[in-house]
Every structure is written in structure tokens, then in C-alpha cells.
Amino acid sequence: MANLSDISVIKDIMTRHGFSFSKALGQNFLVNPSVCPRMAEMCGIDENTGVIEVGPGIGVLTKELALRAKKVVSIELDERLPAVLKETLAEFDNVEIISGDVLKTDLHKLIAEKFQGMKVVVCANLPYYITSPVIMYLLENKLPIEALTVMIQKEVAERLCAEAGTRNAGAITVSVNYFGQARKLFDVSRGSFMPAPNVDSAVIKIDIKKEPTVYVSDEKKFFKMVKAAFSMRRKTALNAISAGMSIPKDEVAAAIEKSGLDLNIRAEKMNMEELALLCENL
Ligand code: SAM
């Protein structure tokens, strides 16, 4: 079995397939041999699990997932890579590569077709340029998945794993807190990749809850309010929500007071219950 985290093996594959890294597609391949087995061990899979992987690259993580799961379906946007993966994953009959953009893939359909009767998780080393959109796509689509284990930029990981109501929180923190429970598994230094990016990374796991953390009667309105509230971090929630949702200030102020909150409160000071209550009163 070729060692896909060995730089000379990667270079040989690249030369033979005429492949060069695409910066635009966020191609930083893992060369630290301990990272992929660790991710695969910690993402919650067993021999009855189906795994969705985003961006297999040349298959270094895919291989570790295939060794442990019942089935792996990997979605790769770079049309040059399926030919490489056919070679590097030749020994596995439980891996399927789908060519395309994860953000344009109907994942409900994919899960129904490919993972019947299986528990499903997502495990991926995500390209930096679409980390948040991919995580939001996976969460907001309400997929029948148990957990997302993803490698992302370290600063983003800290934001995602923060609690709503704390300094590090942003709109995406609230979304993650709403749908699940996130925790950091381990850090990964920039030197673990080829080519090395300018930032360090971390692997996080988001366990998806069966029911959202708080009740809101109108989810669309809730996320619109959250987005507005966090969009202007120096402003009070009152000003930011009023401007972002085009609601007169006195109406927003009345809702804030009715929720028992200070009129000068900022979005990052509000916990999940307070945000939900404010949305109901708005
Ligand atoms: N899994 C490999 C590894 O760990 O070495 C590669 C990870 S690399 C950070 C990200 C991968 O995602 C690349 O293979 C890239 O081509 C792919 N990719 C980029 N945008 C994508 C998209 N929108 N949908 C699916 N794959 C994408």
C-alpha cells in the first residue's frame, strides 16, 4: 500500500499524472503521517458507518476512512483527481468518488442512495476558502448525519467551538451551537501540509443534536437576526439588528426590553436562550 503522506510518493504520483497543486481549490495535502489515522479514529466510525468526505485530494485520509468504515463516498471538485484516486485507492472496494462541488451536491439524495441502513458521518480536511459555507451547508440542510469531523483553520476552529455569549462568538458560533455541540480534537501545524499554508489548523468535531438547542418558531428569521446582530461587531445589538433587518429602532428596543436584556447589549454577550427569546419578541 503506497504511503500517501510520503513526499517522494506524492511527487512521483504528481509527475506521472502531470498534476500540480491548485491554490484556488485550497489544495494543501497532508504529509504528517499521524494526522489522518487520528482523524479517522476520532470521527466516530465503525464497520457499519457510511462516511462522506469532502475533497479527498490524492486519498490520504480516504484510505484511513476506508480501512475503518463500511463505505466512503468522497466528493472532489478537481476533475484531474479521480484518475489519481483510481490508482491510489485501487485496493479498496468500499470507496466511491463523486466528481463535483460539494455545495452543489444533493446530500439528502446521496445519503438515501449510498448509505441505506447505515449511520452516517462527515470527515474531511476542508479547503480553507470555503470552510464556513461548507459547514453551514452541512448543518442547515438538516442531513441525517451524526457528526462532522473537519480540519479547518485554527482561528476558525476557536470561533466554532466557542459558546454563544462569549468573546470569541460570531454568527457561525450560534449556528453551530443551535444544531450541535462542537469541540476541538487536536491542533495541526502548518508544516503538516504540502505546500505549507500560512496558517495553523485544528481538527474539530461537531456532534449533531437530534433537536436544536433552543426553540424558535421561525428558524429563517432567527438566523437573519443572528446574522444582522453579529454583522457590526462594534455596534449594539439594537443598532445592528435594526439596520440589518430594516426594523425601526423603537420596535427592536421594545423586543430587547421585553426579553429582559440591557438596551446596550452586544450580540456576543447574548447566550442561546437570550437570542432565541429576543427573536420570539421581535
Ligand atoms: N484530503 C486531502 C488531504 O487531506 O490531503 C486534500 C485536502 S485539500 C485541503 C482540499 C481538497 O478539497 C482538495 O482536493 C480540493 O481539490 C478539494 N475541493 C476544493 N473545493 C471543493 C469543493 N467545492 N467541493 C469538493 N471538493 C473541493
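A polar contact is taken here as a pair of N or O atoms within 3.5 Å; within protein, one atom must be able to donate a hydrogen and the other to accept it, and residues adjacent in sequence count only if both atoms are side-chain atoms. The structure is a predicted model, in which local features need pLDDT of at least 70 and side-chain atom pairs count only at pLDDT 80 or more, while totals for chains, interfaces and linings use all residues. Residues are numbered from 1 along each chain as its sequence is written, and side-chain values use heavy atoms, with hydrogens and water left out.

A nitrogen atom of the ligand lies 3.3 Å from a backbone N or O atom of Leu77. A polar side-chain atom of Asp101 is found 2.9 Å from a ligand nitrogen atom, and a polar backbone atom of Gly57 is 3.3 Å from an oxygen atom of the ligand. The ligand taken alone exposes 590 Å², of which the protein buries 99% (accessible areas by the Shrake-Rupley method with a 1.4 Å probe; for residues, only the protein chains shown count as cover).

The shell around the ligand holds 23 residues, and Leu30, Gly55, Glu76, Asn125 and Tyr129 come nearest (a residue is near a molecule or strand if one of its heavy atoms lies within 4 Å of it). Twelve of the shell residues are nonpolar, seven polar and four charged (Ala, Val, Leu, Ile, Met, Phe, Trp, Tyr, Cys and Pro count as nonpolar, Asp, Glu, Lys and Arg as charged, and the others, Gly among them, as polar).

The ligand takes up the space of the largest cavity (on a 1 Å grid over the protein atoms alone, a set of points where a 1.4 Å probe fits but cannot get out; a molecule sits in a cavity if more than half of its atoms lie within 2 Å of its grid points). Strands E1 (29–30) and E3 (71–76) are the elements that give two or more residues to the ligand shell (strands, E, of at least two residues and helices, H or I, of at least four are DSSP runs, numbered from the N terminus).

The volume of the largest cavity is about 410 Å³ (the space filled by probe spheres set on the grid points, which are joined across faces, edges and corners). Its lining comprises 29 residues, with Val54, Gly55, Glu76, Asn125 and Pro127 closest to the centre. By class, 17 lining residues are nonpolar, eight polar and four charged. At least two lining residues come from each of E1, strand E2 (49–54), helix H3 (60–68) and E3.

Two backbone features occur in loops. The peptide bond from Met194 to Pro195 is cis, with omega near -10°; Pro195 belongs to the loop between strands E8 (193–194) and E9 (201–208). Lys142, a residue other than glycine, has a positive phi near 50° and lies between helix H6 (131–140) and strand E6 (147–153).

Technical notes:
On a 1 Å grid over the protein atoms alone, a cavity is a set of points where a 1.4 Å probe fits but cannot get out, and a pocket is an open set with protein on both sides within 12 Å along at least five of seven lines; lining residues have an atom within 4 Å of a point.
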